[in-house]
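Have the structure open beside you and follow along.

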Amino acid sequence: MSERPNPLCVVGAGYVGLVSAVCLADSGVDVRLLDIDTTRLAVLRKGGTPIHEPLLNELLASVLGSGRLTLCDDGAVAMRGAEVIMVAVGTPPLADGRADLTQVRAAVTEAVRHAGLDTVIVIKSTVPPGTTESLRSLCRHKGRQIPLAVCPEFLAEGSAVRDFRQPPQVVIGGDDKGACERVSQLFGHLDTPIRITDATSAELVKYGVNAFLALKISFINEIAQLCEFTGADVSSVADGIGSDDRIGRAFLGAGLGFGGSCFPKDVRALNQVASYHGQSFQLLRAAVEVNQHARSRFVAKIQRALNGKLAKRRIAVLGLAFKPGTDDVRQAASIDVIRHLEDLGASVVVTDPVAGANARPLLPNTEFVDDPYDCVKSADAVLLVTEWPDYVKLDWSRVAGLVRRQIVVDGRNCLDSDSLVELGFTYIAVGRPIRKPTTVKSAHSGARRAADVLAMR
Ligand SMILES: NC(=O)c1ccc[n+]([C@@H]2O[C@H](COP(=O)([O-])OP(=O)(O)OC[C@H]3O[C@@H](n4cnc5c(N)ncnc54)[C@H](O)[C@@H]3O)[C@@H](O)[C@H]2O)c1
């Protein structure tokens, strides 16, 4: 069998399942997309996408129109005759940080029930090392062992379609090499290396990537703190460190740290696996702690900027999504920061181009507005929390005329500090000297910088 597996059943129409299904259908495979969430399916059936992801709407319309993608709520229909059943369901964190594998077990059990003689089941969800091995016992059916492989997904929200189509590599793990080859044919149209290994190593590659990227972010946030103590500018430091090819500039953006549905949960899950084996993976715990501190230090900065008083202050927050390009607010810095500010008595008004609906249930005391200019009206401080291009490119002279106090606290170090101070704003960022309107010409002078450093403490 050298042709690509056809049809393919994808189980789970979330960020990973939906993007995988749509992209593989677009590449010529007949895909059946199964979900138990009928509301989500109803949105998809109308041609809408339940998540915000660039390019996804257009591609979805195209593959639904061509008949390459079929939406299903019945496992028997979706899985019957499928050559590959790809499990892309959630693996949310349990209270202690371990990955909850309930959805994966249920999906694999159902896949086994409907598997045909040629079916390979492949796990696309992020699962802890050892999971695929342990699930093999579920895959014995009527005296037959259904092949099981794992193929972790590396896409990032906000660029998911592009990432799925141009991955740095495809990793496939399993003890049945024929089954792994069969899964690899799904990705044969991509110009990317395919790495086939044992299942546990493949699982650990996925956790290793996420943990390492999280470490990079926390590392630069530690450097940022040192910059604040010493008067250095973390953007210049990160440029310098990152221009060393052995390190690279990516994920060296100081600021509010990492959030989202993957890094925080995967780092904690990996730490749990290490603890289970008696290992103390101190780097992981440190990365989580530094990340949490980044949020509280940000709030402390706002408080200092307002002379210690947050009660009855109106704080405008630009951005709720954990990063631009997505409507996902799972573990987003915005939620922690806003709750903390509200606990300290501030009244918070927020805006986000797409994530408002997801954030609203998490922030019952917060005022939501659509227009960023409405958001900043009469604000005592404006916070940049998600670096949406629209917010970076705001007409800041208009903002200057709307706010009560000209204070900007930039949680992503992405605003143009020169123009802001020229407009009269006090500009506060992460790991960079505070800039005040009067410092516009002399911001880089040693004396001024030393004074700013003192002011930040
Ligand atoms: N979101 C990301 O950026 C990303 C990136 C890489 C890997 N991952 C991993 O991929 C997996 C999926 O993540 P996600 O963000 O797409 O999850 P999600 O929560 O957005 O979606 C999961 C979907 O699976 C459906 N589902 C659950 N059980 C089912 C069942 N038995 N049958 C059919 N459908 C079922 C749910 O209704 C939901 O629609 C997780 O393990 C995650 O860690 C996520």
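## Helices α11 and α12

In this predicted model, α11 and α12 run roughly antiparallel to each other, because their axes cross at roughly 150° and angles over 145 degrees count as roughly antiparallel. The two axes come within 9 Å. If you want to find the pair on screen, α11 covers residues 263–276 and α12 covers residues 282–305. Their crossing is left-handed.

Which residues of α11 meet α12? From α11 come V267, R268, L270 and N271, and they meet L284, R285, A287 and V288 in α12. Sorted by class, this contact has five nonpolar residues, one polar residue and two charged residues.

## Helices α12 and α13

Staying with α12, we can turn to its packing with α13, the helix of residues 333–343. Here the axes come within 10 Å and cross at roughly 45°. That angle makes α12 oblique to α13, and α12 passes α13 in a right-handed crossing.

On the α12 side, the contact is made by R295, S296, F298, V299 and I302. The α13 side brings A333, D336, V337, H340 and L341. By class, the α12 contact with α13 has six nonpolar, two polar and two charged residues.

## Helices α9 and α10

Another helix pair to look at is α9 (residues 199–230) with α10 (residues 234–242). How do these two cross, left-handed or right-handed? α9 passes α10 in a right-handed crossing. Their axes come within 9 Å and cross at roughly 135°, and α9 and α10 are therefore oblique to each other.

The class count here is seven nonpolar residues, with no polar and no charged residues.

## Around the ligand

Now for the ligand. How many residues surround it? There are 26, and the closest are G12, G14, G90, S125 and T126. Two helices, α1 (15–26) and α5 (102–114), each supply at least two residues of this shell.

What is the shell made of, by class? Its residues divide into twelve nonpolar, nine polar and five charged.

## Two domains

Where the domains touch, seven residues of domain 1 are in contact with seven residues of domain 2. The side of domain 1 that touches domain 2 has two nonpolar, three polar and two charged residues.

## Two backbone details

Some backbone geometry is worth a look too. Most residues other than glycine have a negative phi, and most peptide bonds are trans. Against that background, the peptide bond from N6 to P7 is cis, with omega near -5°. P7 lies in the segment before β1 (8–11).

Where does F251 sit? F251 has its place in the loop between α10 and α11. Its phi is near 65°, a positive value in a residue other than glycine.

Methods
Residues are numbered from 1 along each chain as its sequence is written. This is a predicted model: local features need pLDDT of at least 70, side-chain atom pairs count only at pLDDT 80 or more; totals for chains, interfaces and linings use all residues. A residue is near a molecule or strand if its C-beta atom, placed from the backbone, lies within 6 Å of it. Helices (H or I, at least four residues) and strands (E, at least two) are DSSP runs, numbered from the N terminus. Ala, Val, Leu, Ile, Met, Phe, Trp, Tyr, Cys and Pro count as nonpolar, Asp, Glu, Lys and Arg as charged, and the others, Gly among them, as polar. Axes are lines fitted to C-alpha atoms, for helices over the stretch in contact, and angles run from 0 to 180 degrees between N-to-C directions. Angles under 35 degrees count as roughly parallel, over 145 as roughly antiparallel, 65 to 115 as roughly perpendicular and the rest as oblique. A crossing is left-handed if the near helix is turned anticlockwise from the far one by less than a right angle, and right-handed if clockwise.
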